[in-house]
Structures are given as C-alpha cells and as structure tokens.
Amino acid sequence: MKRVLILEDQQKTRETLIKIVKRIDIRAEVFASGTVEEAYALAMSNTIDVFVLDIILEPGSKHRDSSGAEFAQNIRMVSRYHFTPIIFLTSLFDSKMNMYSSVHCYKFIEKPCDYDMVEEVIRDAMMYHTRNGKDRQYFYRNKGILEAVMIRDIIYAKSINRDIYVKTTKDNCKIPYKTLKILRRELDDEDFLQCSRNTIVNKMYIKAIDPTNRYISLHYCDDVLEIGPILKKDFMKRFTMN
C-alpha cells in the first residue's frame, strides 16, 4: 500500500489532490496537511512513498515564503527519504533549478496546475517505493558535515547529555543535539528496542540476556547494556516477538 503526503495550504487544492491519488490507487493512504509542523510529524510517524509539496504556504507573508522548500530540504536529511520522490507545485519559476539541485525533486509542476498532468506525474512517482530495508543509511550532521552510517551496522545507541553515541560493528560515532526518541523514529526499524531510558539496542546483535540481573551481552563488542526495571517487561516481550 502506497503512502502519499500532501503539503498544501489551500484546502480546495488539498481535496483535489487527495481525489487524484485515490483515483490512481483506491488503497493508497493519503496524509494531507496545510502546515509544515504537522506534515513533518506525519512523515516521521509513517513511511511516505511520495511527497507532493507546495513551495509557498503563506502567500500573504511579508517575507518571501518558501517553507515548502525548507520542508523538502529537511526531509532529505532523514535517511529513509534520501531518494523518495518529491513533487513540487509552485508559481516560483526562478526557484526551479535550485530545487532540482538542492533536494533532487522528482518533478516541478507550475501553478495554476494542469490536473491531468498532476495525475500523470503522481502516478509515475507512485511506482517507486521508499526503501525500508536493512541496506539503508542513516544520515546526520556533525560539525556541519553530512555523514552516514549503515543502519544494519548499528549495535546500540546511547544518549549522553544532548548527544547520541552510536556503537557500530566498525567504529563509534557521535550524533550531536539529537534525542533518543527522534533517532529511533528516524531509524524506522523494528529491530531497535529500547532497553533503558537512555539506550536502544539492535536485537540482531544481542548475544545473551540475563533477565534476573537485567543485563544484555552483545556480539562484536564487549560492552554490557543494562535493562531498565520499568522497561524490562516490554523489552522482553518485544525481543521475543518475530
């Protein structure tokens, strides 16, 4: 089942776009919002296959609004959305080439829209599928530099102060100014289990569990992780699930 997220401030246009997506595939799940904040929350709590974004969300703003473009740039920083098709609906003709290069947009459709063209473009974009496999990379910024780690290589991640320290099969890395809750949501992988208030662990690397003393031993490293007393029951339940 495909999931499409529409970010458009005009309700009538949102409703038209929803109808177009449903006409293409009645089974498709459509998320529609008029605000960047709600759209981002929807994108983080679901795996979206196609984004349809209006660049200008506040046409009456004193400053030249481009919040839809900023949303796209932020979405591209999320590992699972690195290659997800993004379709722009806009009247900002001069921004076209910049958007193609900065966020690798799938298609630019100028307003007022030809909805037959919109349907054709969305139909083609829905043929893609957002990668949610074990070969994905997680992208993050460290001192202004974009870095990446293979999700399958992450053994565990621990929050210390306002940073995340990640142990992988190859080395260690630090993700600054990130919460564990956000990291787990962005990883979007059910193999990562929260074992304590400040730690998540990839269950594929768990070698043994001592439920009585609440300790986890791991493959590929000598570190021992603690299971929080409050999380113990839920952790054990999730670990034993297929």
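Student: Which residue does Lys111 form a salt bridge with?
Tutor: Lys111 pairs with Asp54, and their closest N and O atoms are 3.0 Å apart. Keep in mind that this is a predicted model.

Student: How many salt bridges does the count come to?
Tutor: Eleven salt bridges.

Student: You mentioned E3 and E5. What's the strand order in that open sheet?
Tutor: The order is E2-E1-E3-E4-E5, five strands with parallel pairing. The edges are E2 (29–33) and E5 (107–110), each of which pairs on one side only. From one strand to the next, the twist averages 15 degrees.

Student: How many bridges join E4 to E5?
Tutor: Four bridges, with E4 covering residues 86–90 and the two strands running parallel. One of the residues involved is Thr90, whose bridge partner in E5 is Glu110.

Student: Switching to helices: which strands does H2 touch?
Tutor: Helix H2 (residues 36–45) packs on the sheet and touches E1 (3–7), E2 and E3 (50–54). The direction of H2 makes about 170 degrees with that of E1.

Student: And how do the axes of H2 and H3 cross?
Tutor: The axes of H2 and H3 (residues 67–75) cross at roughly 25 degrees and come within 11 Å. Angles under 35 degrees count as roughly parallel, so H2 and H3 are roughly parallel to each other. H2 passes H3 in a right-handed crossing.

Student: Which residues meet there?
Tutor: From H2 you have Val36, Ala39, Tyr40, Ala43 and Met44; from H3, Ser67, Phe71 and Ile75. By class, that contact has seven nonpolar residues, one polar and no charged ones.

Student: New topic: E6 and E7. Parallel or antiparallel?
Tutor: Antiparallel, with six bridges joining E6 (residues 137–142) to E7 (residues 145–150). If you want a pair to click on, Tyr140 stands opposite Glu147 in E7.

Student: What do E6 and E7 form, and what's with Lys143 in the turn?
Tutor: The two strands form a hairpin with two residues between them. Lys143, in that turn, has a positive phi of about 55 degrees.

Student: Last one: what do side chains do along a regular strand?
Tutor: In general, they alternate between the two faces of the sheet.

Methods
Residues are numbered from 1 along each chain as its sequence is written. This is a predicted model: local features need pLDDT of at least 70, side-chain atom pairs count only at pLDDT 80 or more; totals for chains, interfaces and linings use all residues. Side-chain values use heavy atoms; hydrogens and water are left out. Two strands pair if DSSP finds at least two bridges between them. Axes are lines fitted to C-alpha atoms, for helices over the stretch in contact, and angles run from 0 to 180 degrees between N-to-C directions. Contact means heavy atoms within 4.5 Å. Angles under 35 degrees count as roughly parallel, over 145 as roughly antiparallel, 65 to 115 as roughly perpendicular and the rest as oblique. A crossing is left-handed if the near helix is turned anticlockwise from the far one by less than a right angle, and right-handed if clockwise. Ala, Val, Leu, Ile, Met, Phe, Trp, Tyr, Cys and Pro count as nonpolar, Asp, Glu, Lys and Arg as charged, and the others, Gly among them, as polar. A salt bridge is a side-chain nitrogen of Lys or Arg within 4 Å of a carboxyl oxygen of Asp or Glu.
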